[in-house]
Structures are given as C-alpha cells and as structure tokens.
Amino acid sequence: MVRILGKEIFKTTTGTPFLIPTTGTGAWESALTNTLSPGDRIVSFLIGQFSLLWIDQQKRLGFNVDVVESEWGQGANLEILAEKIAADRAHTIKAVCIVHNETATGVTNNLAAVRRILDEYRHPALYLVDGVSSICALDFRMDEWGVDVALTGSQKALSLPTGMGIVCASPKALEASKSAQSVRFFFDWNDYLKFYKLGTFWPYTPSVQLLHGMRAALDVIFEEGLDHVIERHSRLGKATRLAVEAWGLKNCTQREEWFSDTVTAVVVPPYIDSTEIVKRAWKRYNLSLGLGLNKVAGKVFRIGHLGHLNDLQLLGCLAGVEMVLKDVGYPVKMGSGVAAASSYLQNTIPLIPLRI
C-alpha cells in the first residue's frame, strides 16, 4: 500500500495519500475544502500564474485570502509572512498556502523557512503546499518540514499523462477535516478513508490506465533512487542556466536562491516576441517550449527539464533552442549554450549505478 499510494515520494511516514482522477486544480480544491471552512483566513503567496490561479480558487471557494504579492521573478516574501504570523496572536490565520515551484517564472520557494517561521511563533496554522512541478524532482520533505497537505500531478515529474492528482495529508490535516465545513463530494477524503478500512483504495471507479502508469512510473523512480532523481534534476537545471548565460540572455528568476531545477524561464530582448520562439520551435523543429504567461507573456519562453529526461536529451533541446533563436534574429553564437552545458555535464554526470 505504501508504494502504491506513494508515501515515499513525499518523504513521509505519517501522511495519508489520496490518488484522485483529476488535475492539479482538483488537487488544490481537495486540499482546501477538506481542511478549511468558508470564511477562514488564509495567507497565500502570489508570485506567478499558477499561484495566481490557486488564489483565485481560494477566493471563489469563499475563504478570506490574505494575499502576499511579489514581483514576478521573485520568491515568496517571507518577511511579510513573519510579520503577519507574529501579529496574529489570536490565531485567526488558519492556513498558509504556497506554491513550491512556480513554473511561470522558474522560481522555487524555501519551504523549510516557512516552517521555521510558524514554529518560531508557535502558530497552529495548517501548512498547504502545491508541489505539482517539484515533488519527485526537487528536494521535498513533508515530515521534516511539517507540511500538512502536499499535492502533485501525474503529468510533471512522474512523466505520466495529465489526469491524476496526488494529495498527501498529515495527521493534523486529517483531524482538521473532521470539523471543516466546506462543501465537498468528489474530493472528500472521508470517502477514501472508509474504503481504505475495507481494504481497497477508491470510493468510485478509478482511472485504471493511469494507475498502471503510476505503478510503472514509481518503479522507474525507485530503481534510479529518489535522491539520485533529485540530483539529476539539479544537474539539468544548472546546465540549462549555464546555456542561457552563454547565449547572453537572462533568467526570469532574479536571485540564485530561487532558481528552479525543473523549469527555466528565459527573458528575451524587447525586440523579440517570445511567443514567436515557441511557435517556431514547434512548427520547424518539433520542439515543445513553454509560453510566457500573463505578466510575462511575450517576454519569456520556458525550458522544462523535469521528469524522465536525461542529460543528452537536454543537450538536444538546447541545440534546438539555439537554432530557433537564430531564426528569430537573435545573434546567438551557435553551439555556445550546448558547449557550456555539455562541459559542465561531462564533469558531473556520475556512472549509472545499475551498470557499475
């Protein structure tokens, strides 16, 4: 049951996972409605498109959302969080919600620092984390960091099609669900828990094909070793950033401490529309890059480097990006990014453990 339901990917021994046929948006709703009641005060960080969408959902579900906004390209403002937590002696804040890895801007937040703030002021707020583009790719420690609800999706680091939301709840979150007054049905954890006691896992018809895929995906991850998977993503992220630097372009992420190892958002010069880069990559080179979203639309394109991806595949992607940059009139030196990335990778790629 542990492996099937995925406790290990969250690094928890006490959490209870739920596999729900849904997207990350449904996983968000499950996390919120099972632990909170309408009108509850939430502190939530707005740092990009996906945190913006989660905040929109929080408001539409009837919660009192206290938004802490940062410039896109920056991480969550934890100084403001500390101020709010310190001032909240009556404990009106019922939850802190944060996106671990904001894919719109390539920003990763420091989850351990959030837990330190809550602990410093002995604040009982629930700690809810969107790990859609981080879990199984970035360092994530549910128990150690005191995360109460963590969630991810099948389509990112698990390398499956979209359609499976994976939510993991701490004992504290399960206790909160007993008194939470939000309306829920399809996402109700209590229905799952009843079936767990009966020896099965789903209160309705499961998405069987995705469950088979999940089983295979977990086997691949555990065969490589989760820590090795995280190290590989760290290597791919560093190699991509070195390529961007060699091209003479800038990372949307403004400080090194926020650099993401699963996606890099690349800022283009003002005379180039990044949307044209994405379109040209797809139409000419069969290369799928990410668009700039909302505030950074037309200003950035995104290189994803997560999931079942190896170093040589990344180099092929970087070569393709160089050709596209040349196509749209950017004076890139062909091979510069590939050379920077491959030089770094050649010195850091370990022997494959299973082949030693």
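Visitor: How many residues of domain 1 are in contact with residues of domain 2?
Guide: Please note that this is a predicted model. The domain assignment of the protein chain gives domain 1 as 7-222 and domain 2 as 226-349. On the side of domain 2, 24 residues take part in the contact, and on the side of domain 1 the number is 29 residues.

Visitor: What area is buried between domain 1 and domain 2?
Guide: The size of an interface is often given as the accessible area lost when the parts come together. For domain 1 and domain 2, carbon and sulfur atoms give 60% of that buried area, and the whole is about 2200 Å².

Visitor: Which three residues supply 21% of the area that domain 1 buries against domain 2?
Guide: This share exceeds that of any other three residues of domain 1. The three are Trp72, Gly106 and Ala137.

Visitor: Which element gives the largest share of the side of domain 1 that touches domain 2?
Guide: The elements that give two or more residues to this side are α2 (7-10), α4 (49-60), β6 (107-108) and α9 (208-224). With three residues, the largest share comes from α4.

Visitor: How many salt bridges does the rule find across the interface of domain 1 and domain 2?
Guide: The rule also finds 15 residue pairs in polar contact across this interface. As for salt bridges between the two domains, the number found is two.

Visitor: How far apart are the closest N and O atoms of Lys295 and Glu69?
Guide: A salt bridge requires a side-chain nitrogen of Lys or Arg within 4 Å of a carboxyl oxygen of Asp or Glu. Lys295 and Glu69 form such a bridge, and their closest N and O atoms are separated by 3.4 Å.

Visitor: How many residues apart in sequence are the parts that Lys11 and Asp139 tie together?
Guide: Lys11 forms a salt bridge with Asp139, with 3.9 Å between the closest N and O atoms. Lys11 lies in the loop between α2 and β1, whereas Asp139 lies in the loop between β7 and β8, so the pair ties together parts whose separation in sequence is 128 residues.

Visitor: What feature does UniProt place at residues 31-246?
Guide: The span 31-246 is 41% helix and 18% strand, and its end C-alpha atoms lie 41 Å apart. The UniProt record, an unreviewed entry, gives the feature here as "domain: Aminotransferase class V".

Key. Residues are numbered from 1 along each chain as its sequence is written. This is a predicted model: local features need pLDDT of at least 70, side-chain atom pairs count only at pLDDT 80 or more; totals for chains, interfaces and linings use all residues. Side-chain values use heavy atoms; hydrogens and water are left out. Domain bounds come from an automatic or database domain assignment. Contact means heavy atoms within 4.5 Å. Buried area is the accessible area (1.4 Å probe) that two parts lose on being put together, summed over both. A polar contact is a pair of N or O atoms within 3.5 Å; within protein, one must be able to donate a hydrogen and the other to accept it, and residues adjacent in sequence count only if both atoms are side-chain atoms. Helices (H or I, at least four residues) and strands (E, at least two) are DSSP runs, numbered from the N terminus. UniProt positions are given in the numbering used here, feature names are shortened, and annotations may be inferred rather than shown by experiment.
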